[in-house]
Amino acid sequence: MRLRDTVIAITALVSLGAKAQNEDKETEYRRSSIYSVMINHTDQKFAHEIKEAFLQIPVPDKFNDHNLSVKVLNKNTKLSKANSSKENTEVSEFLTDNKVASRLVGRWFNRDSYTGVCNMDLVKERGLYNATEFDKQLAMRSARGMAMLQDAGEELIGNTFVLVNDIRYVDKNQKAKIFGNIIKGIGTFAGAAANISNISSGGTYSNSTSNIYNTLGDMVETIKGFSVKINTFLYKLEWTDEQAAIFYKEQYATTPDNTKRENFDKARGNYKLRYVGKVESKGGTTSFLGINEEEPVLMVRKACQRAIDENVIDLQRSYEEFRIKTPLVTVEPLTAYIGKKEGVAPGIKYEVLEVVEMENGKRKYNRVGVITPVSNLIWDNRFMAEEEGAVGATLGCTTFRAVSGKDFSRGMLIREMSKK
């Protein structure tokens with residue numbers, strides 16, 4: 001991709017992402033939940049800018065935001081064995097030592113760490129349960145109420161994931177130094193001109209203008225040509241029927257209860273995260289077309305966001321349990337609010353799923369057909385695609401055609417199929 005082709009992009013993703021998220025709310029559906037954290041290498045240049053860029057990146061809008069207060073792990077050395085696909089000891093130890101699994105559980109139940117008081121508000125909201133019916137069945141301790149709890153455990157709590165992003169930059173483009181020197185040269189000239197004007201007006205000589213351009217030149221020559229490398233490690237919260245039974249019986253409190261509060265604190269180590277797998281971004285140089293040279297932090301933001309999105313796509317294709325579902329929003333034509341950001345490409349097939357609620361309150365998914373995107377009607381919803389003038393950036397949705405099945409309905413869910 002040409003240097004000018006990458007830069008335009010930052011404001012676009014925010015607007016497109018917000019648009020898609022708002023439109024998605026018109027057709028509610030259950031999403032998996034994500035807690036995303038980064039490893040910030042304080043030994044590398046612009047570590048602060050990289051961290052700030054990451055903190056601005058939203059959770060992908062096809063997932064629930066399940067972030068905790070800690071989003072950044074600072075580290076002054078490289079992560080050992082980061083390129084290995086095996087479970088990384090350093091990453092896993094961080095998650096275990098900080099009791100992340102129990103914190104994710106606590107967030108699901110809006111648990112107050114001081115009183116131990118919990119509630120089911122988030123479960124009801126994300127599970128799309130009828131709140132009155134849910135509370136009634138639980139109060140009756142009915143079989144239906146227990147089935148609904150089990151359903152919430154399997155579909156919601158058990159689909160909670162952690163993404164740990166190990167972010168590093170490698171300068172592959174020495175030519176960027178030439179550009180940086182040009183910026184510095186402009187700064188020297190501008191500084192001289194400013195000083196001549198200042199002196200002629202009776203002022204004193206100052207080299208502040210030149211210094212500003214020197215700093216900018218240093219940043220530009222360092223950032224331009226950078227290759228983003230992000231190793232993303234995926235974990236999944238383990239939530240078994242046995243764990244759920246113990247939690248509801250011994251740790252879940254609706255009023256202040258010291259015993260149940262202490263029970264949860266003592267059991268924190270019993271909650272676990274299971275390592276699923278790892279992918280690495282391709283490390284290709286990002287084009288920064290359209291981003292002003294005076295805003296190099298935006299370059300970092302774009303490079304990070306594009307690489308993380310690529311990794312999320314790769315993880316979904318490698319691990320079916322992490323794969324998203326999204327609803328059809330129209331059926332004539334068939335459209336959905338997913339695009340290149342989610343890996344939509346010609347030839348990829350999606351199964352169409354009908355959500356069926358059973359008598360006991362649980363849900364199941366029945367396949368009713370298969371669809372594939374129309375090649376020239378794929379939405380480019382990647383970060384800043386519209387500013388780049390990318391083909392398909394203004395479509396607002398992707399259009400599909402049926403491969404098999406018929407009588408599709410708005411709200412039916414689609415999910416990418418494995419290639420065979």
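In what follows, buried means a relative accessible area under 20%, exposed means over 50%, and partly exposed lies in between, with a 1.4 Å probe and protein chains only. The model is predicted.

Q: Is Val 329 buried or exposed?
A: Val 329 lies in strand β7, which covers residues 326–331. Its relative accessible area is 9%, and the cut-off for burial is under 20%. Val 329 is therefore buried.

Q: How many residues apart in sequence are Val 329 and Met 412?
A: From C-alpha to C-alpha, Val 329 and Met 412 are 8.4 Å apart in space. Along the chain, their separation in sequence is 83 residues.

Q: What percentage of the residues of the protein count as buried?
A: The protein contains 14 helices and 12 strands. Among its contacts between residues at least 6 apart in sequence, 79% join residues at least 24 apart. Of the 420 residues, the share that counts as buried is 51%.

Q: Which residue has a side chain joined to that of Arg 30 by a polar contact?
A: Arg 30 sits in the loop between α2 (10–24) and β1 (33–41), and it counts as buried because its relative accessibility is 7%. Its side chain reaches the backbone oxygen of Gly 127 at 3.1 Å. Leaving aside neighbours within four places in sequence, Arg 30 is also in contact with residues including Arg 126, Tyr 129, Asp 151, Arg 363 and Tyr 365. The side-chain partner, at 3.3 Å, is Glu 155.

Q: Which residues lie nearest the centre of the largest pocket?
A: The largest pocket holds about 630 Å³ of space, and its lining has 9 nonpolar, 6 polar and 8 charged residues. At least two lining residues come from each of α6 (121–127), α7 (131–139), α8 (143–155) and α11 (241–251). Of the 23 residues that line this pocket, those nearest its centre are Leu 138, Met 146, Leu 149, Tyr 248 and Tyr 252.

Q: At what angle do α11 and α12 pack?
A: Two packed helices are described by the angle between their axes and the distance between the axes. Here Phe 247, Lys 249, Glu 250 and Gln 251 of α11 meet Lys 260, Asn 263 and Phe 264 of α12, a set that divides into 2 nonpolar, 2 polar and 3 charged residues. The axes of α11 and of α12 (residues 258–266) are 9 Å apart, and the angle is about 145°.

Q: Which backbone nitrogen does a side-chain oxygen of Asn 130 reach?
A: This contact is placed at the start of α7. The side-chain oxygen of Asn 130 comes to within 3.1 Å of the backbone nitrogen of Thr 132.

Q: Is Arg 141 buried or exposed?
A: Arg 141 is found in the loop between α7 and α8, just after α7, where it takes a positive phi of about 55° although it is not a glycine. Most residues other than glycine have a negative phi. With a relative accessibility of 70%, where the cut-off is over 50%, Arg 141 counts as exposed.

Q: What is the phi of Asn 110?
A: Asn 110 belongs to the loop between α5 (100–108) and α6. With a relative accessible area of 37%, Asn 110 is partly exposed. Although Asn 110 is not a glycine, its phi is positive, at about 45°.

Q: Is the peptide bond from Glu 332 to Pro 333 cis or trans?
A: Pro 333 has its place in the loop between β7 and β8 (334–336). Most peptide bonds are trans. For the bond from Glu 332 to Pro 333, omega is near 5°, and the bond is cis.

Conventions: Residues numbered from 1 in each chain as written. Predicted model: local features only at pLDDT ≥ 70, side-chain atom pairs only at ≥ 80, totals over all residues. Heavy atoms only, no water. 1 Å grid on protein atoms, 1.4 Å probe; cavity = no way out; pocket = protein on both sides within 12 Å on 5 of 7 lines; lining within 4 Å. Points joined across faces, edges and corners; volume = space filled by probe spheres on them. Helix = DSSP H or I, 4+ residues; strand = E, 2+ residues; numbered from the N terminus. Nonpolar A, V, L, I, M, F, W, Y, C, P; charged D, E, K, R; others polar. Axes fitted to C-alpha atoms, helices over the stretch in contact; angles between N-to-C directions. Contact = heavy atoms within 4.5 Å. Polar contact = N/O pair within 3.5 Å; in protein donor to acceptor, adjacent residues only side chain to side chain.
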